Amino acid sequence: EHIPFILNRMLTISLPTTLVASMFYYAYYIFTDVNTIIDFGWSFNHWLIGSILYLKHINAVNSASWAILTLWAGRLAGMLFEERVAKGKSDPRYDMLADKYAPNHHKLFFLIQFLSQASLVVFTAIPLYYVFTSDNKFTLPHAFGMILTLSGITLSGIADMQLREFKKEQSMRVNPSGMCKIGMWSKSRHPNLFFECVTWFGFALMGY
């Protein structure tokens, strides 16, 4: 009985917000043809959901949890906007998908992409429901979750910074080497994504 209740609460509270926000992202895409606004919207929609839950339970929730969520979204959404959206970059992978599944209907294809993401983010943000509907008691799992989340945010940021430095250095070479193998990238092909998983495991513990 608990799981259907949580899903109903999340759909009622979050889905209208993410759908409206995603229509703004889609409008931005229509006017600019920059499809990477999808990536920005993914992280920003998580922050919107968390912020709505936080405001609904502001008198009963530890405000530090919302500050950590804001730190995560500010770093990731801010980086995505600065590096991709503001520079007018489009992701060729999105264009390839559009060419494959809707060669003559790019705009319609991306509308479906935006709307499906608005629905999916409601489910991936479920840990935030527990974080922002719990009481102010500072439990051991909550404390450990905070440490884990902050560690994930920091290390994911370092990994992204190392990748940016590598790309910058490669851009000045006559014969670029291609694959990044410096710092964390010498140990893993996706250290930034790994630490994103660490971050969200921390959020799950915070809401335990």
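At what angle do helix 3 and helix 6 pack, and how far apart are their axes? In this predicted model, helix 3 (residues 63–85) and helix 6 (residues 126–133) pack at an angle of about 150°, and their axes lie 9 Å apart. That angle makes helix 3 roughly antiparallel to helix 6, since angles over 145 degrees count as roughly antiparallel.

**Packing of helix 3 and helix 6**

- Two packed helices are described by the angle between their axes together with the distance between those axes.
- The crossing of helix 3 and helix 6 is left-handed.
- On the helix 3 side, the residues in contact are Ser65, Trp66 and Leu69; on the helix 6 side, they are Leu128, Val131 and Phe132.
- Sorted by class, this contact of helix 3 with helix 6 comprises 5 nonpolar residues and 1 polar residue, with no charged residues.

**Salt bridge between Asp33 and Lys107**

- Side chains of opposite charge can pair when their charged atoms come close.
- Asp33 and Lys107 join through their side chains in a salt bridge, with an N to O distance of 3.4 Å.
- Asp33 belongs to the loop between helix 1 (2–32) and helix 2 (37–56), while Lys107 belongs to helix 5 (residues 106–124), so this pair ties together parts that are 74 residues apart in sequence.
- Asp33 counts as partly exposed, at 44% relative accessibility.
- Lys107 is also partly exposed, its relative accessible area being 37%.

**Salt bridge between Asp160 and Arg75**

- A salt bridge links Asp160 with Arg75, and their closest N and O atoms are 3.1 Å apart.
- Because Asp160 lies in helix 7 (residues 140–171) and Arg75 in helix 3, the pair ties together parts that are 85 residues apart in sequence.
- Asp160 is buried, with 7% relative accessible area; the cut-off for buried is under 20%.

**Salt bridge between Arg93 and Asp91**

- The side chains of Arg93 and Asp91 form a salt bridge with an N to O distance of 2.7 Å.

Notes:
Residues are numbered from 1 along each chain as its sequence is written. This is a predicted model: local features need pLDDT of at least 70, side-chain atom pairs count only at pLDDT 80 or more; totals for chains, interfaces and linings use all residues. Side-chain values use heavy atoms; hydrogens and water are left out. Axes are lines fitted to C-alpha atoms, for helices over the stretch in contact, and angles run from 0 to 180 degrees between N-to-C directions. Helices (H or I, at least four residues) and strands (E, at least two) are DSSP runs, numbered from the N terminus. Angles under 35 degrees count as roughly parallel, over 145 as roughly antiparallel, 65 to 115 as roughly perpendicular and the rest as oblique. A crossing is left-handed if the near helix is turned anticlockwise from the far one by less than a right angle, and right-handed if clockwise. Contact means heavy atoms within 4.5 Å. Ala, Val, Leu, Ile, Met, Phe, Trp, Tyr, Cys and Pro count as nonpolar, Asp, Glu, Lys and Arg as charged, and the others, Gly among them, as polar. A salt bridge is a side-chain nitrogen of Lys or Arg within 4 Å of a carboxyl oxygen of Asp or Glu. Buried means under 20% relative accessible area, exposed over 50%, partly exposed in between (1.4 Å probe, protein chains only).
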